[in-house]
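Notebook open, model loaded. I want to go through a few spots one at a time and write down what turns up.

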Amino acid sequence: MTDYYEILGVPRDATPEQIKKAYRKLARTLHPDVAGAEGEERFKDVARAYEVLSSPEKRQQYDMGVDPSAPGGGAGGGFGNGFGFQDIFETFFGGGQPTGPVPRARRGNDSLVRLDIDLAEATFGVKRELQVDTAVVCSTCTGDGARPGTTSRTCDACHGRGSVQRVARSFLGQVMTTAPCSACGGFGTVIPEPCPDCSGEGRVRSRRTVTVNVPAGVDTGTRIKLSAQGETGPGGGPAGDLYVEIREKPHDTFVRRGDDLHCTLPVPMTAAALGTVLELDTLDGAQEIDIRPGTQPGQVVTLKGLGVGHLHNGGRGDLNVHIEVQVPTSLTDEQTDLLSKLAALRGEERPEPRLAAAHPGVFSRLRDKFSGR
C-alpha cells in the first residue's frame, strides 16, 4: 500500500492535530495555484493521504492493512471505488452533507479566570484589573490570515463551494456523494501566502488587561460575565465571553453565613454582670456595642446593616456578635474575699445543683439554625 504517513511526513502515532498541521503546510506549498502543474500530482497524493488519515474510521482500516481510497477498499466490503455503507447512509439520510463553504471567521471560545478577593471587597464591591492571556486579532493581517499585500483566492478544486462531489457505484447503482473539499478544508478559498505572524489563523496569543467591576454581595463561586472579552475566534471572528469566578478569602475575625457576619466578643464576668459599653472594630470602622447588665454567655447582640451587601436587591445583612463571658482563672486574696462576700449576699455559697438542658456552642447553634433544627 501507499505509505500515507510518509507522504505527510508524520509518524504512525501522530495525533489528529499533527496530521492536520502537516497537511496544511504541504497544501500551501503544493497547491496548483502556488506550485503550478509540477506539484499537481504530489498535491493529489497529499490530499488523498489526508482524506484517509484525518478520518478515524478510514485510518483504522488503513492501519489494519486496508486502503479505503483504493478500488474495492473502505467500509462495506467494497461496493466499488471505496463506496461503503457510510456513504450510502449519508446519501439517503443527509448525514452531515456540506451545504456551502465554511466561513473562516468563527466565534471564539469562552474563557474562565479566577479572582481572589477579601471579605471587605465582597461586602462593599470593588473594581479590579486582571491580566489575562487570550487570543486576539492579529494586528499584521487584521484577521484575514493573508500576508499583507496579498489576499485569499477561490479554491480551484471546489471552485469556491467548499465541497466536492463524486459519483460512486454501489449495489443501488450510481450514487453521488458530497464531502468537504480537502484542498481548502471546506472554506472555499485558499491562502497562498499566510500571514507570517499568525500562520493564517487570523489571531495570536497576547496578554492584556481587563477591568472587572465586582458588585457587593458576591461570594465564592459567583461568576461575573464580561461579554466579548474572551478568545477571539479563528479568522478574526468575534470573541467569546470572559467569566470571572470569585473566590473569597477567609477573614481572621468574621465568619460569613449568607449575607450575615458572625464574630465572638470576649466580655469579663464583671462587665457582663454590671453592664458596659465596648468598642468593636468592624468592617465599617469602630462601633460601640452596649453590653446590658446580666448579659449571659452565648447571648447575641445584633448590629443591623453591618453585614455583607445584598447582591441583587441592595441593602446589607447584619453583624451578629456572640458574647463569650470570661470567668477569671486566678484571683488575688482581696478579689477572692470580695467574691466570697458577694456569694454570701446572694445566698450562693453552696448553690443547689439544678440540671438543665445542655447549651450548644455558638457555631453549633448556627449550624442547627441553618439546617432547620
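Predicted model: local features only at pLDDT ≥ 70, side-chain atom pairs only at ≥ 80, totals over all residues.

I started with residues 195–202: the span is 0% helix and 0% strand, and its end C-alpha atoms lie 8 Å apart. Helices (H or I, at least four residues) and strands (E, at least two) are DSSP runs here, numbered from the N terminus. Residues are numbered from 1 along each chain as its sequence is written, and side-chain values use heavy atoms, with hydrogens and water left out.

UniProt positions are given in the numbering used here, feature names are shortened, and annotations may be inferred rather than shown by experiment. I checked residues 155–162 too: 0% helix, 0% strand, and end C-alpha atoms 8 Å apart.

Which residues does the "binding site" annotation cover? According to the unreviewed UniProt entry, they are Cys138, Cys141, Cys195 and Cys198. They span 61 residues in sequence, yet no two of their C-alpha atoms are more than 9.0 Å apart, so they gather at one spot.

I took two of them in turn. Cys138 sits in the loop between strand E2 (126–137) and E3. Its relative accessibility is 1%, so I log Cys138 as buried; the cut-offs are under 20% relative accessible area for buried, over 50% for exposed, and partly exposed in between (1.4 Å probe, protein chains only). Leaving aside neighbours within four places in sequence, Cys138 is in contact (heavy atoms within 4.5 Å) with Gly143, Cys195, Asp197, Cys198, Gly202, Arg203 and Val204.

Cys195 is in the loop between strand E6 (189–190) and strand E7 (203–214), and Cys195 is buried too, at 1% relative accessibility. With neighbours within four places again set aside, the contacts of Cys195 include Cys138, Thr140 and Cys141.

Most residues other than glycine have a negative phi. I therefore flagged His159, which is not a glycine but has a positive phi of about 55 degrees, with the general rule in mind. His159 is in the loop between strand E3 (153–154) and strand E4 (163–170). Is His159 buried or exposed? I get a relative accessible area of 56%, so His159 is exposed.

Ala228 went on the list as well, with a positive phi of about 55 degrees although it is not a glycine. I found Ala228 in the loop between strand E8 (223–226) and strand E9 (242–248), and at 49% relative accessibility Ala228 counts as partly exposed.

**Ser111 and Tyr243.** Ser111 lies in strand E1 (residues 111–117) and is buried, at 12% relative accessibility. Not counting residues up to four places away, Ser111 touches Thr134, Gly230, Glu231, Asp241, Leu242 and Tyr243. I followed that last one: Tyr243 lies in strand E9 and is partly exposed at 24% relative accessible area. Beyond four places in sequence, Tyr243 is in contact with Asp110, Ser111, Leu112, Val113, Ile224 and Lys225. I also got a C-alpha separation of 5.5 Å for Tyr243 and Ile224, which are 19 residues apart along the chain.

**Second largest pocket.** Its volume is about 250 Å³. For the record, on a 1 Å grid over the protein atoms alone, a pocket is an open set of points where a 1.4 Å probe fits, with protein on both sides within 12 Å along at least five of seven lines; lining residues have an atom within 4 Å of a point. Grid points are joined across faces, edges and corners, and the volume is the space filled by probe spheres set on the points.

What lines this pocket? I listed Met269, Thr270, Ala273, Leu274, Leu339, Leu342, Ala343, Arg346 and Glu348. Helix H8 (269–274) and helix H9 (333–345) are the elements that give two or more residues, and H8 gives the most, with four.

I checked H9 itself: at 1.5 Å a residue its 13 residues should span 18 Å, and the end C-alpha atoms are 18 Å apart, which agrees. (The expected span is 1.5 Å times one less than the number of residues.) Just after H9, Gly347 takes a positive phi of about 65 degrees.
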